[in-house]
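Student: I would like to go through the labels on this model and see what each one rests on. Can we start from the definitions?

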Amino acid sequence: MRCPFAASTSSITLALSLLVACSKPPEATQRAIDFDGETASIRVRSGWSGSERTSDGASFCWAEGREAILSTAGVVPQPYRVSIRAWSFNYAEAPPQHLTLFVNDTRVAEIAVSSAPTEHSFETPWSVWASQENVLRFKFSRADAPKDRVAGSADARPLSVAFDWVRVVPWLH
């Protein structure tokens, strides 16, 4: 006689499969934003202007003010490389522009940003990443309105650094 509370093997297999699928950690995959308004697995939070184009057609976005924030879905906590292509707003006698990167409120790097488009990479430890949402905060040493620094400009936005793209990729050191 069969026990009325016994589950079939296929029912147990299905239940275990669903449990494993629902409890899977996030994948260790690349996250990126190319400031073209179309390609993004990183979300723009605050401190950004709209997408613009360089004279050769490349898309970019200015960080407005002295802080700009991006966020991305959870990742497998492991070391990641955060890479950017960026350049600072520049004018005659401008002081150097410094960028400090924070991941989930942990300071991970500080660099000087050139006025020429330049790629920078920052290796980050696994301990700064979360399996839930991750926040990337960029802080800048200065933000200036072109109208106050460049003769003939009417642009009143406080510009700090222009970003072509931001990428977060697993880093195997």
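Tutor: Two strands pair if DSSP finds at least two bridges between them. The model is predicted.

Student: What makes strand E6 and strand E11 a pair?
Tutor: Six bridges join strand E6 (residues 67–72) to strand E11 (residues 134–140). The rule asks for at least two bridges, so the strands pair. They run antiparallel.

Student: Why are strand E3 and strand E9 called edge strands?
Tutor: The open sheet has the order E3-E6-E11-E8-E9. Strand E3 (42–46) and strand E9 (106–113) each pair on one side only.

Student: Why is the pair of Trp48 and Phe138 called edge-to-face?
Tutor: The ring centres are 6.4 Å apart, and the cut-off for a pair is within 6.5 Å. The planes stand at 85°; over 60 degrees counts as edge-to-face, so the label applies. Trp48 is in strand E4 and Phe138 in strand E11, 90 residues apart.

Student: How do you know whether Trp48 and Phe138 are buried or exposed?
Tutor: Buried means under 20% relative accessible area. Trp48 has 13%, so Trp48 is buried. Phe138 has 0%, so Phe138 is buried too.

Student: What makes Arg137 a charge over the ring of Phe102?
Tutor: CZ of Arg must be within 6 Å of the ring centre and within 35 degrees of the ring normal. Arg137 lies over the face of Phe102 at 4.3 Å from the ring centre, so the distance condition holds. Arg167 likewise lies over the face of Trp165, at 3.7 Å.

Technical notes:
Residues numbered from 1 in each chain as written. Predicted model: local features only at pLDDT ≥ 70, side-chain atom pairs only at ≥ 80, totals over all residues. Heavy atoms only, no water. Helix = DSSP H or I, 4+ residues; strand = E, 2+ residues; numbered from the N terminus. Phe/Tyr/Trp six-rings, centres within 6.5 Å; stacked < 30°, edge-to-face > 60°. Buried < 20%, exposed > 50% of the residue type's maximum accessible area, 1.4 Å probe, protein only.
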